[in-house]
Amino acid sequence: MMVIMHESATAEQVAHVVARVEEVGASAHVSTGERVTVIGVIGDREELTALPLEAMPGVERVVAILKPYKLVSREFQPADTVVDVRGVKIGGGHFAIIAGPCSVETPAQVLEAARAVRAAGGLMMRGGAFKPRTSPYAFQGLGEDGLKMMAAARDETGLPIVTEIMDPRDLDVVYRYADVVQIGARNMQNFLLLAEVGRLDKPVLLKRGLSATIEEWLMAAEYVVKEGNRQVILCERGIRTFETATRNTLDLGAVAVVKLASHLPVIVDPSHATGRPDLVLPLSLAGVAAGADGVIVETHPNPEHALCDGPQSLPTAAFGEYAGRVLDLARWVGKSVA
Ligand code: PEP
Ligand code: MN
């Protein structure tokens with residue numbers, strides 16, 4: 001439920017409500033808005049209804065949150081969450097291009113991609129060192145060696161690193177190098193992994209599962225935020241449908257729905273959604289028009305020789321042209337892009 005405080009409520013009155021809520025074993029999340037303070041309360045319904053919240057000094061009213069997800073809902077927090085990655089902001093009017101190869105292969109490959117991303121106005125780089133591959137015989141990623149290559153590219157370009165974690169046993173090593181920890185589509189409902197990254201003090205990029213409903217996706221985000229990590233970026237990366245002309249179907253309706261239902265930033269991944277480089281630009285633009293706070297895109301110096309997802313990667317030589325078009329539209333819809 002939400003406890004809406006009076007405009008004139010004092011800090012002591014807010015602290016009193018929080019203390020009473022915590023006394024019954026529930027948790028209180030305070031959002032201080034420009035005019036009013038709202039306290040989101042999560043806990044046992046019976047214990048909470050026994051608390052005379054409405055009678056407490058400074059409380060204006062108490063309203064129930066009807067959605068199954070609470071902490072990530074707009075009702076709970078009306079203002080956009082702004083995720084801050086070493087000073088790069090995303091959400092709340094801040095737009096970011098994240099780009100790089102599907103997987104890290106060599107120091108030169110990552111560095112060349114990172115330089116192209118930086119030169120084009122991209123704000124973060126992506127690259128997988130632990131790869132979730134459909135075939136156990138396919139390249140599985142370079143592990144820590146790959147993370148070191150990304151760290152070297154970060155040293156030179158300054159771009160923060162977005163990289164995937166697949167297994168809670170890799171938490172320490174991924175944490176050491178990553179600036180944003182990515183949960184891939186296949187792990188969206190790995191609840192133990194979600195809780196683990198929820199206890200980190202680094203932002204999480206949560207991809208939508210291949211066949212997940214919007215509600216299931218937001219419930220996955222709830223698992224992360226419930227543990228205390230509020231810095232979550234949602235990523236629509238295409239879902240499974242009957243259509244075979246594209247690798248997946250980019251669900252742009254989901255972008256618009258989630259922007260209304262949740263305060264978390266939402267980005268689109270047109271590379272995995274389409275599987276085709278010629279569709280990456282039009283669907284990036286469509287994502288921006290639908291309200292996305294950023295894009296995450298695959299780019300490779302030599303897509304023909306990529307060890308993973310070459311066919312959908314933009315050649316780095318073409319990345320500047322692509323990014324220019326996307327940033328133009330993002331500015332046009334009123335986003336800040338730097
Ligand atoms: C990726 O980002 O390289 C990836 C594997 O994405 P997804 O989890 O969306 O398939
Ligand atoms: Mn990929």
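Guide: Let us begin with strand 10 (residues 180-183), where Val 180 and Gln 182 point one way, Val 181 and Ile 183 point the other way, and all are buried. Buried means under 20% relative accessible area, exposed over 50%, and partly exposed in between (1.4 Å probe, protein chains only). Helices (H or I, at least four residues) and strands (E, at least two) are DSSP runs numbered from the N terminus. This is a predicted model, in which local features need pLDDT of at least 70 and side-chain atom pairs count only at pLDDT 80 or more, while totals for chains, interfaces and linings use all residues. Residues are numbered from 1 along each chain as its sequence is written, chains are lettered from A and ligands numbered from 1 in the order in which they are written, and side-chain values use heavy atoms, with hydrogens and water left out.

Visitor: Which strands does strand 10 pair with in the parallel sense?

Guide: Two strands pair if DSSP finds at least two bridges between them. Strand 9 (residues 161-164) runs parallel to strand 10 and is joined to it by three bridges; Val 162 has Val 180 as its bridge partner. Strand 11 (residues 204-207) also pairs with strand 10 in the parallel sense, over three bridges, and there Ile 183 is partnered by Leu 206.

Visitor: What is the hand of the crossover from strand 10 through helix 6 to strand 11?

Guide: A crossover is right-handed if, with the strands pointing away from the viewer, the path from the first strand over the helix to the second runs clockwise. The β-α-β crossover through helix 6 (residues 191-198) is right-handed. Strand 9, helix 5 (residues 171-177) and strand 10 likewise form a right-handed β-α-β unit.

Visitor: What is the strand order in the open sheet of four strands?

Guide: The order is 2-3-1-4, with antiparallel pairing. Strand 2 and strand 4 stand at the edges with a single partner strand each, so one side of each has no neighbour in the sheet. Strand 1 and strand 4 run antiparallel, joined by four bridges, and Val 3 stands opposite Val 62 in strand 4.

Visitor: Which residues of helix 1 are buried?

Guide: In helix 1 (residues 11-23), the buried residues are Val 14, Val 17, Val 18 and Val 21. They lie on the same side of helix 1 because they cover an arc of only 95° around the axis, taken from the directions from the helix axis to the C-beta atoms. Glu 12 and Glu 23, on the other side, are exposed.

Methods
Expected span 1.5 Å × (residues − 1).
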